[in-house]
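Take a look at the model below. We will walk through it step by step, from a sheet to rings and charges.

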Amino acid sequence: MRSGGIPPRRMQYLVNVVHGISDQLKLMPEIIVSYGVSLDSAKRKEIAIEYWRNFLACFNTAYPQMQKTNTINTYRSFLAAHNINFAHGEGRRYGLSTTPERLGEYKEIMLTPEQIEKINRRLENEGDWEAWSFMNIDLHTGARAFAMASMSWERIAFSPLFRVEQFEPKVKRGDWCLTKEGKWWVKYPTEECRTVVETARERLPKGRRFLFFEDVKSDRANALQASYLMSRMAVRFKKIFLELDRDSWLNEKTRVYALGDGVYFSGHPLHLFRHTMAQYYLAATNWSLAYVAGLGGWENTEVLNKCYGGIPEHIKAQVAKSIHVRFDTLDLSTTVRVVHI
């Protein structure tokens with residue numbers, strides 16, 4: 001905290017929080033971790049995890065307004081300082097995984113059709129076809145910021161089928177692009193997306209390898225150009241979102257995001273397009289999780305469903321009305337013909 005420049009008053013406040021919870025539990029962290037006591041590492045880990053569960057229960061009761069994700073990160077750092085570490089994916093077993101909590105908090109956020117129309121009209125009137133292309137292609141492909149910024153014309157095919165290839169460095173699969181390891185996603189977007197890309201080809205400067213910047217002849221330099229574009233687009237859209245009518249947002253979570261004071265999304269305004277794409281495409285495909293996951297660049301439907309846009313409750317209710325299962329009349333001896341594909 002000192003190295004991070006945290007003000008002394010804030011540090012004292014947090015110290016008092018920890019002391020208060022420890023007093024309620026009548027246990028001190030150093031005692032629970034058992035330094036100086038002859039315990040094997042596995043047992044020490046189990047004891048520390050038990051402390052975590054008690055600590056989090058009291059913490060969330062006393063301070064419900066504070067983010068759980070930050071608490072998890074802080075406690076994992078505390079455990080790591082005592083040589084208690086977690087293998088990849090192991091944190092989920094103990095409730096110490098941050099991914100579902102961090103992303104699931106903002107599952108419902110999205111741009112409304114009215115907002116999209118208003119933003120498009122503004123960008124068109126201002127002649128900002130760069131930002132217009134970035135937003136509308138992203139709304140159809142759901143790509144992360146770097147995948148959008150690094151798009152190249154040579155990875156777009158208009159015939160015989162419209163195809164877009166985007167590089168996602170977050171998914172490490174042995175592919176390389178602009179000095180980064182990741183995965184090339186081959187996507188087959190809709191005809192609406194094709195129209196957007198054709199408009200971008202007409203409006204953006206011609207003869208470039210990349211959609212949004214000139215090729216500077218080296219992967220490292222091009223990676224810097226992509227990063228610069230991402231920063232510029234983030235500033236541009238954050239300003240646009242701030243100027244939208246607060247009452248136009250669908251729910252309070254979206255308002256928090258739009259105002260720029262959300263913990264996870266602060267500084268990441270471009271991620272709103274990915275969330276919007278997920279919900280629009282799921283609704284348009286009758287919640288086809290597999291199709292949307294493949295199009296948007298999710299490796300499985302679990303993350304898409306939990307963190308971006310699962311099936312709404314009213315849709316589940318509609319489906320339930322159309323399904324009829326009669327347990328008292330089902331003939332289990334009936335031969336069922338199985339079709340092998």
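In this predicted model, Glu165 stands opposite Val186 in β4. Strand β2 covers residues 163-168, and strand β4 covers residues 180-187. The two run antiparallel, and five bridges join them.

Now widen the view. β2 and β4 belong to an open sheet of four strands. The order across the sheet is β1-β2-β4-β3, and the pairing is antiparallel. Which strands are at the edges? They are β1 (156-157) and β3 (175-177), and each pairs on one side only. What holds strands together in general? Strands of a sheet pair through backbone hydrogen bonds.

Next, turn to the aromatic rings. The structure holds nine aromatic pairs. One of them joins Trp129 and Trp132. Their ring centres are 5.3 Å apart, with 70° between the planes. Planes over 60 degrees apart count as edge-to-face, so this pair is edge-to-face. Both residues lie in helix α7 (residues 129-141). They are separated by about one helical turn, because they are three residues apart in that helix. Trp129 and Trp132 are both buried.

Another pair is made by Phe134 and Phe212. This one is tilted: 5.7 Å centre to centre, 55° between the planes. Phe134 lies in helix α7, while Phe212 lies in the loop between α9 (191-203) and α10 (219-243). The pair therefore ties together parts that are 78 residues apart in sequence. Are these two residues buried or exposed? Phe134 has 0% relative accessibility, so it counts as buried. Phe212 has 3%, so Phe212 counts as buried too. Elsewhere, Phe237, Phe241 and Phe273 form one aromatic cluster.

The charged end of Lys183 sits over the ring of Trp185, 4.0 Å from the ring's centre. In another spot, the charged end of Arg274 sits over the ring of Trp298, again 4.0 Å from the centre.

Finally, find Leu282. This residue is in helix α12 (residues 271-284). Leu282 counts as buried because its relative accessibility is 0%. What does Leu282 touch, leaving aside its neighbours within four places in sequence? Its contacts are Trp287, Ser288, Leu289, Val292, Leu304 and Gly309. Take Val292 from that list. Leu282 and Val292 are ten residues apart along the chain. Their C-alpha atoms are separated by 6.5 Å.

Notes. Residues numbered from 1 in each chain as written. Predicted model: local features only at pLDDT ≥ 70, side-chain atom pairs only at ≥ 80, totals over all residues. Heavy atoms only, no water. Pairing = 2+ DSSP bridges. Buried < 20%, exposed > 50% of the residue type's maximum accessible area, 1.4 Å probe, protein only. Contact = heavy atoms within 4.5 Å. Phe/Tyr/Trp six-rings, centres within 6.5 Å; stacked < 30°, edge-to-face > 60°. Lys NZ or Arg CZ within 6 Å of the ring centre and 35° of its normal.
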